[in-house]
Structure formats: structure tokens, C-alpha cells
Amino acid sequence: MTTRVFVVDDHELFRSGVRSELGGDLEIVGDAGSVEDAVPAIEELQPDVVLLDVHMPSGGGRAVIEAVRPTRPDIRFLALSVSDAAEDVIGIIRAGARGYVTKTISAEELSSAVHRVHDGDAVFSPRLAGFVLDAFGGEAPQPLDPELDLLSRREREVLRYIARGYAYKEVAHELHIAVKTVETHVSAVLRKLQLSSRYELTRWAADRRLV
Amino acid sequence: MAQVNARERAPDTGISRARLERSRSDRMLGGVAGGIGRHLGVDSNIVRAGFIGLSFALGFGVIVYLLTWLLAPLEPATADVERQARRIRMPTRSQMFGIGLVAAGLLVLLWISGLWFGGDLGWPVVLAAIGFAILWARSGDEGRARWTLSSLGTPLGSVVTGEVSLPRLAIGSILILAGMGVFLAANTSLAAAGNMLLAMIVAVGGAALLAGPWVWSMGRELVEERSSRVRSEARAEMAAHLHDSVLQTLALIQRAKAPREMASLARTQERELRAWLYGRAPDLAGVRLRDAIDSMAGRIERQHQVSVEAVVVGDAELDDRLRGLVNACAEAVANAARHSGSTSISVYVEVEEDVVSAFVRDQGSGFDPDLVPADRRGIADSIIGRMERRGGSAHVHSRPGGGTEVVIQLPRRAP
């Protein structure tokens, strides 16, 4: 079964580039160049995965997620950007995107990222892994609610490998665990990132004037 | 436009006819006489004559005129929206009324308690104040909201731009001069010694009252001019920067032959522009570890036309030891670019409390570290040796066909 993909990006060139690059069992069902066009089109076409530019006029990718998610929680979002700014990346993840990759990613990597997001997994680029490690600070003492608040040692290890440029498969090989386990860890990190109101995250955000 | 306004105003024309409003079209000073004339249905010149007549009765006419000016609203202008916006900031009519009552009460109190300055001082001050008000309230046209310092205009400039009528300027000036004259005439009996000084003070005061608005507005224009110059300089600087960087790179990309060269140019430009946009000045590369790693990655991208993905977690002040670490990383990245055949190299640097770690990884051809000839000193000297001299360590993990990773660690404090 093909995966139905919708592309939201205000750069025409980029949209047509993605259209021509992504093929195989990925079907581009539509695209939009603005938040206003994207929301009704996504609600009508009901794609499996939305590729979303972080930076767009009137709210960016985040506005699209916030408009679509309440009515269609099953649609998955993958953020794409050239942006280096931590606040944009963490912001769109916290809004509900299942991953973040930079636009310089190769076509094969992008297509495998789309599949992974479709399967419900998280997609961490090295850069996102770096941001998250930065946000959750160093090794903290045992917190009150370890389940939610802190990255486990294993999750931290996985993120570090990803930041070092290892693919999930290579991480699994290095840590002698299954690829599925790596994906579980990464998804757990994503959930923590979205739910956490943790002190360190707040402080990190404040340091970068995110709040 | 005109049609819209006409429609908007149509419903309340009936009310506005019945209400006392200062006239916009038929006026000499504040449109009071014109408004009253229209309200009562008599010629406005008769009303004016009445005011002038009443003014001789202890200044009664002047007081009525001023009160009407303050209390009666100006008839609606054509630019309704603008007026609406302005109205937000101005005191409501009841506030104005209250202020008027308080002022009148104070005057009466002074009068009753015998503290009234009397004709000697009182009338000159009143005359000068009225003249001043007429001059400074560029128009009074838009109502009391204009009676703020920031919206004052120049008498001369206003005449030139037609914002204030010549009669108003004349009446204002005459009133001020008359105030000065009455004051001097009434005070000639004062001590003769003070006369010269007094005359000077009065002259300076009069000049300030007359020219003040003009000077004030000159100052304002200067400030505005300066800020607009700052804005245009910022624009020019941005244009210059984009020209030197982005436009040049775009030109180079158009001439580039190989896609790889194109990609490398684009990446370098992206990195540079990003650093500029997010406020990382290029010369900061000598101050913070993060910036040093970023600029090292950019340099090697340019030199070797590979892409270097640098991720830094944490940050630290760059000292001699960390500079060594950056140089060792640079050597490792350059090695990967030269020998691995991989076009993409990952750099990951993590600053922890007691140690800084760096990982340089490629997914290229790899090699057997044990088989490196002894005369190839690159790794041994510039990476391992460099780190060991600083109390750190470096390890190379590689196998043929499996890519290479250089792991560098450096304790934060020297041993």
C-alpha cells in the first residue's frame, strides 16, 4: 500500500523538487504554499504524512499542526527546514511533529524518514538529537518522576549516537539491541519532549529566550 | 471614499445639527462663533461681535469663548477613522469638564482669599497664556487632544502649510505682546533697580513663548531625520552584506561545473548567512567552542567540497586546551574528507562538566589502523599526540569498508 504524502512549503522550487525526488511507494497527493491553503487541503485529502516547512508566513508549520491535529490526530507530521534556530525546531516538535530533518537530506533518507513517521516512529536528525541533549542538560540526580522527566541513560546513549551521525541500524548494532528498540527509545524521547514541563527544559528555553 | 464617509455620517446628521459643535469651515480661531451661529441660526459675525463686546465686561466674553472651545466638540471631520484613533488617547469630555471646574474653583478661591495677583500680574499672564495657547495648539482643530506637547506645531510652519490661519497667528502674537506690555506698564512702579532685569526676563520669556514651538518642532524634525538615517544605513548595510555574500555565491553557483561543487558553495553560503542572521559574528569563532567548531566545519567544507554536519551540545569559553581540541577535530575532518571518499562527515562535540568529547565520523572506505605506515604521521602527531600533550586522549576506530570514527576526549581541567 502506498503512503500518501502532502507537502507544505512556501518555496515552489522545493515543492517541485520533492515531487520529482520522492517516488516508489510514496504518492504525493497534493501540496500547498501557505498555511491558509494547507489546512483545508489536508483536511480534505487526508494524507498519511505531511511534510512541513518550519518557516512560513502566518505562523509556519506549527500553525498547520495546531489547526489540523485536533480534528485529525491520525495525520503525522515531519518537519523539514534549513533553519538552525533551536527554538523553531523544538517548537514544532512540541506542537506535535514526529520528527525533524534538514532540507539538505538526500532523497533516499527523506523517503525512509517518511516511512518511519508513517509507521508511528520518530525521526531524529543529528541536529535535533543535539538540540534535545542540549535541552535536557547533563546527567542530573535522580528526579522525582523519572518516568517522564529525565532522559534515561539508554535514551541519552541512543541520542548521542544519532548526533554522531549513526543511522538507527548502526545504533542498534553498536548497543547490541534491536532496531525496534532504538525506535522505541527515540519515540520515548519525543514523548518526553512534548509532555515535559521539566525545570531544565524551561531553563534551557529561557536561556534561549524561547519563553 | 467620499461616498463611504457620506453614508457613515448620514444617520446622525439630524443629531449633529441640533448639537452645539465647533465649526470646521466657518471659523477664525476655534470655530466657536461659527458653531454657535449655526446652532442658533444667526450669522456667525454677529456672534463674534457679541463675544468681543462681552470681553470688555471684565473679560467675560473671553472666558465664555474658552469654555465653549474646551467643552463643545468639533464637528466630525472627513477622516473619521483617524479621529477615532486619536480620540482613544484624549481625555473624555467629562474629565475635561472636571479639570475646568477645578481650575475655575482654584481661581475663585484665590480671588476670595485676596491672593489674586490683581490686574498688575493677572491680566498680563492671562493674555500671554491665551496667545500662547492659540499659537501652540497648532489647530486646536482636532479638539483638545492636540493640547499635548508632542503634537504641537510651529506657528510659522503651520502658516506655510496652511494649518493655521494668518489671523490666528496675528491674534496669538498680539495677545502675547499685549500681555508683556500690560505687565511692564503695570510694574513700572516697582523698584527701579529691578526694571532692567525685569524687562530682560519679560523679553526673553516673550521670545520663548513666540519661538518656542518653532524650536521644539525643529528639534523633533532633527530627531526624526536622524532615526530615518539610521534606518536607511541599516538597510544599506544589509544590502551590502547580501551583495558580498549571497549574490556572489549565487553567481558562482551558476558558473559551477560539478553538482558537488555547487552543493558545497551553497552549503558554505548557507552556513555563513545563518551565522549572520542568528547573530554569530565570524570573529566570535575565537571566543566560544561552538562557534569555533562551526567555523572549522565551514572552512573544511570550502576546502574539500564535502558536507560537514556539526552538532555541538553545551558550550565553553575557548582556551588553549580547547583550541587544541578544535585543531585535532579539524585534522580528523580533513583526513576524512581527503581519504575516506565519503561526501558527508559528522562532527559531534559534547561539553560536560568534567570532560569535553568530540566525535568525527565518516561512512567512507575505512582502513586498518595497524597497517598505517609509520611515516604517515597525520593521525599520530596532529590528533593523538596533540591531545595527549594536553592530558586528553584520541582513538581511531576504523575497519576497511566500515567507515572511520575518531573519538577525542579532553578533561576540562589540566591534570
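Predicted model: local features only at pLDDT ≥ 70, side-chain atom pairs only at ≥ 80, totals over all residues.
Figure 1. Of the contacts in chain A with a separation of 6 or more, 66% are made by residues 24 or more positions apart. The secondary structure of chain A consists of 11 helices and 6 strands. Chain A has 211 residues, of which 54% are buried, and its accessible surface amounts to about 9,400 Å², with 50% of that area belonging to carbon and sulfur atoms.

**Figure 2. The interface between chain A and chain B.** On the side of chain A, 18 residues are in contact with 21 residues of chain B, and the two chains bury about 1,700 Å² between them, 43% of it on carbon and sulfur atoms. Across this interface, 9 residue pairs are found in polar contact, with both residues of a pair at pLDDT 80 or more. Two elements of chain A, helix H6 (126-135) and helix H8 (153-163), each give two or more residues to the side that touches chain B, and the largest share, 5 residues, comes from H6(A). Sorted by residue class, the side of chain A that touches chain B comprises 6 nonpolar, 5 polar and 7 charged residues.

**Figure 3. A salt bridge between Arg164(A) and Glu405(B).** The side chains of these two residues meet with a distance of 2.7 Å from N to O. Between chain A and chain B the count is 6 salt bridges.

**Figure 4. The loop that holds Gln46(A).** Gln46(A) lies between helix H2 (35-45) and strand E3 (49-53) of chain A, and its phi is near 50°, a positive value in a residue other than glycine. As a background to this view, most residues other than glycine have a negative phi.

Figure 5. Is His176(A) buried or exposed? With a relative accessible area of 72%, His176(A) counts as exposed, because the class begins over 50%.

Technical notes. Residues numbered from 1 in each chain as written. Chains lettered and ligands numbered in written order. Heavy atoms only, no water. Helix = DSSP H or I, 4+ residues; strand = E, 2+ residues; numbered from the N terminus. Buried < 20%, exposed > 50% of the residue type's maximum accessible area, 1.4 Å probe, protein only. Contact = heavy atoms within 4.5 Å. Areas by Shrake-Rupley, 256 points an atom, 1.4 Å probe, with all protein chains shown as cover. Buried area = accessible area lost by both parts, 1.4 Å probe. Salt bridge = Lys/Arg side-chain N within 4 Å of Asp/Glu carboxyl O. Polar contact = N/O pair within 3.5 Å; in protein donor to acceptor, adjacent residues only side chain to side chain. Nonpolar A, V, L, I, M, F, W, Y, C, P; charged D, E, K, R; others polar.
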